[in-house]
Amino acid sequence: MKIIVLVKQVPDTWGERTLDTATGRLDRSASDAVIDEIDERALEVALQYKDGQDAEVVALSMGPSTVTEVLRKSLAMGADSALHVRDDALLGSDLSRTAAVLAAAITKSGFDLVIAGNEATDGRGGVIPAMIAEHLGVPSMTYLDTVEFAPGSISGVRGDEHGTVSVHASLPAVISVTEASAEARFPNFKGIMKAKKKPLDVWTLADLGLDDSGFAPSTVVTSTTERPARTAGKKIVDEGNAGNELAEFLAAGRLI
Amino acid sequence: MSHALAFIETSASGEVRNTAAMLIAAASKLGTPVAVVVAAPGTGDALIAELGELGAAQVYVAETDQFGSVLVAPQLAALEAASAALQPSAIVLAHSIDGREIAGRLAVRLRTGLLVDVVDVRADGDVVVATHSVFGGAYTVEATVPGAGPAIVTVRQGAIDARAETASPTLTTQSITVDPASAAVIDEVHDAVVATDRPELRGATRVVSGGRGLGSQANFALVEQLADALGAAVGASRAAVDAGYVPQTSQVGQTGITVSPQLYVALGISGAIQHRAGMQTAKTIVAINKDADAPIFDIADFGIVGDVFTVVPQLIEALGKRE
Ligand SMILES: Cc1cc2nc3c(=O)[nH]c(=O)nc-3n(C[C@H](O)[C@H](O)[C@H](O)COP(=O)(O)OP(=O)(O)OC[C@H]3O[C@@H](n4cnc5c(N)ncnc54)[C@H](O)[C@@H]3O)c2cc1C
Ligand SMILES: Nc1ncnc2c1ncn2[C@@H]1O[C@H](COP(=O)(O)O)[C@@H](O)[C@H]1O
């Protein structure tokens, strides 16, 4: 079984994240770039299967040169190899282009199962996995809280706004997993040492048989404005009457 | 005026989900609103009155016996067929779990642009302009779909308050079947029992959230009591969710729900940046925390350094006296 895990590099949610208000693009220099926590969980789902079964796990990421670090970490956690799609022409890609390029890389590599995070913490789109599945012409099951492997098929529980749905699909397929899926392992020293010898290939658009001409952006950002930061208001220390004072505050502001 | 399709989600038993009103309103801002819905054979007619009430000028029902047994593929086929028939300028869906999966696949299938998690839409001539709220509301971004195909838009649930005027819709019924081999299969549906008449977290005007500071699932009842006293929805931090005090569907923040209420009360929540990302656009923020240095106080309009187990009961009592 060949599993491709999609890992995305995102600005660390622990820091302030900034958009360039001129271009509407992410200001990558303004924050630390890390592997999105949700994609570590996606990788963990693949690695847990690999712990018990014969499987090949490939970490795939599209992004600028800094993505190497994310892929090294994936290798250190236990992925067998890594693929980095990198091309200057991909700067500022929208959802449509990202999905098309990742799908081309997945097709070139070959796969039985693709595992992604349910949604990236930067864009919060949560659509790339489904878009990739459509390109690949295979079933998708997104937002899985649990994942169960069976020969030739995959099943899981998908939590939605109204409850849960048990679903299954035959392989090949694309799935995405939620925060509830698996707590990611930490890379240990042995893993880090081994990672140095594992293959990390870089593919350009040309390597994927794609060129830039067919990629008119399908969405365009027309304006970006920053909201003024919030400031602290009144702060009191409870000396036995804070509950009553809060009731006063709410009444004064017509909040009750 | 061109058509704008609103995709209507339904429950397993065919009831219209509550995002319908918002979506038909959004579609009506972009064109003549057409409600597209998938239903079991013979059940579509029953939806016309309700969707007309919400403002649909036309109801497009795709009937299939695969309703409820094949995941998202029938919905995708319905929108593809409606789009081919009506050549809409826009297709709006909820930014829900199903909505995203359908929208993503549809954008690829129709080779058109996709705008996700938008909080508002408007038409600028023929062009669909969508407003996004990015990084927890720190930025407002406008974007358009320049191509010829319909703009596919997913709308954040609860983000649009506007409602369309009631209409008397025409009905189109189409029967569809999809190849089940290329889709995921639904084995079982467990709709959660909605036990309370508490407001829904998404779109709520008042929210009371609890964090790890509540200490246990039993103690979390205090959050619910205050919510009920204020007529508020109940939210939680990820730590409270991870500790099992409340289900994941209550999580507010970066990887949970984004709320933008008139009043947000944070109880025993430190205010980590990922939590703030989901609530910092609230009009008024109140925080109660034992730790005077908790970051939640940096954004609170009224902060109380104190113990939730003494302050909140007193508050509930004071609220009771005011009634
Ligand atoms: C990628 C990523 C995504 C995340 N997404 C989210 C998200 O969506 N939502 C979210 O909330 N978090 C999210 N987090 C987690 C976040 O970083 C914090 O860990 C979490 O918000 C902490 O929850 P808390 O405030 O309840 O717990 P703590 O940080 O442990 O804070 C508990 C607070 O309770 C106070 N307290 C204790 N007892 C009392 C008492 N009796 N009375 C009053 N105060 C008391 C303490 O002083 C403390 O400040 C995410 C993290 C990452 C890395
Ligand atoms: N540039 C990328 N490289 C690799 N994986 C990605 C990329 N963008 C998105 N993904 C995957 O798709 C998931 C959902 O992303 P999104 O749809 O952007 O919210 C992420 O958690 C990743 O698994």
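The model is predicted, so local features need pLDDT of at least 70 and side-chain atom pairs count only at pLDDT 80 or more, while totals for chains, interfaces and linings use all residues. Residues are numbered from 1 along each chain as its sequence is written, chains are lettered from A and ligands numbered from 1 in the order in which they are written, and side-chain values use heavy atoms, with hydrogens and water left out.

**Ligand 2, in chain A**

- Around ligand 2 there are 19 residues, and A:Leu6, A:Asp39, A:Ala120, A:Gly126 and A:Ile128 come nearest; a residue is near a molecule if one of its heavy atoms lies within 4 Å of it.
- A polar side-chain atom of A:Asp39 lies 2.5 Å from an oxygen atom of ligand 2, and a backbone N or O atom of A:Leu6 lies 2.8 Å from an oxygen atom of the ligand.
- A polar backbone atom of A:Gly125 is 3.4 Å from an oxygen atom of ligand 2; a polar contact here is a pair of N or O atoms within 3.5 Å.
- On its own, ligand 2 exposes 480 Å², and the protein buries 97% of that; accessible areas come from the Shrake-Rupley method with a 1.4 Å probe.
- Helix 1 (37–52), strand 4 (56–62), helix 3 (95–109), strand 6 (113–117) and helix 4 (128–136) of chain A each give two or more residues to this shell. Helices (H or I, at least four residues) and strands (E, at least two) are DSSP runs, numbered from the N terminus.
- Strand 4 of chain A makes the largest contribution to the shell around ligand 2, with 3 residues.
- By residue type, the shell around ligand 2 divides into 11 nonpolar, 5 polar and 3 charged. In this count Ala, Val, Leu, Ile, Met, Phe, Trp, Tyr, Cys and Pro are nonpolar, Asp, Glu, Lys and Arg are charged, and the others, Gly among them, are polar.

**Ligand 1, a shared site**

- Residues from chains A and B surround ligand 1, so the site is shared between chains.
- Of the 28 residues around ligand 1, the nearest are B:Arg212, B:Ser237, B:Ser270, B:Gln274 and B:Asn289.
- An N or O atom in the side chain of B:Asn289 is 2.7 Å from an oxygen atom of ligand 1, and a polar side-chain atom of B:Gln251 lies 2.9 Å from an oxygen atom of ligand 1.
- From B:Gln254, a polar backbone atom is 3.1 Å from an oxygen atom of ligand 1.
- Ligand 1 has 990 Å² of accessible area on its own, and the protein covers 85% of it.

**Strands of chain B**

- Strand 5 (residues 114–124) of chain B pairs in the parallel sense with strand 8 (residues 151–155) over 3 bridges, and B:Leu115 has B:Val153 of strand 8 as its bridge partner. Two strands pair if DSSP finds at least two bridges between them.
- Strand 5 of chain B also runs antiparallel to strand 6 (residues 127–134) of chain B, joined by 6 bridges, with B:Asp124 opposite B:Val127.
- The hairpin of strands 5 and 6 of chain B has 2 residues between the strands, and B:Gly125 takes a positive phi near 65° there.
- Strand 2 (residues 32–39) of chain B is mostly covered, with 7 of its 8 residues buried; buried means under 20% relative accessible area, exposed over 50%, and partly exposed in between (1.4 Å probe, protein chains only).

**Aromatic pairs**

- Over all chains, the structure holds 4 aromatic pairs. Rings of Phe, Tyr and Trp (its six-membered ring) pair if their centres lie within 6.5 Å; planes under 30 degrees apart count as stacked, over 60 as edge-to-face and the rest as tilted.
- The rings of A:Tyr49 and A:Phe149 are stacked, because their centres are 4.1 Å apart and their planes stand at 20°.
- This pair links distant parts of the chain, 100 residues apart: A:Tyr49 sits in helix 1 and A:Phe149 in strand 7 (residues 140–150) of chain A.
- A:Tyr49 is buried, with a relative accessible area of 18%, whereas A:Phe149 is partly exposed at 23%.
- B:Phe220 and B:Tyr245 form a tilted pair, because their ring centres are 6.2 Å apart and their planes are at 50°. Both B:Phe220 and B:Tyr245 are buried.

Conventions
Polar contact = N/O pair within 3.5 Å; in protein donor to acceptor, adjacent residues only side chain to side chain.
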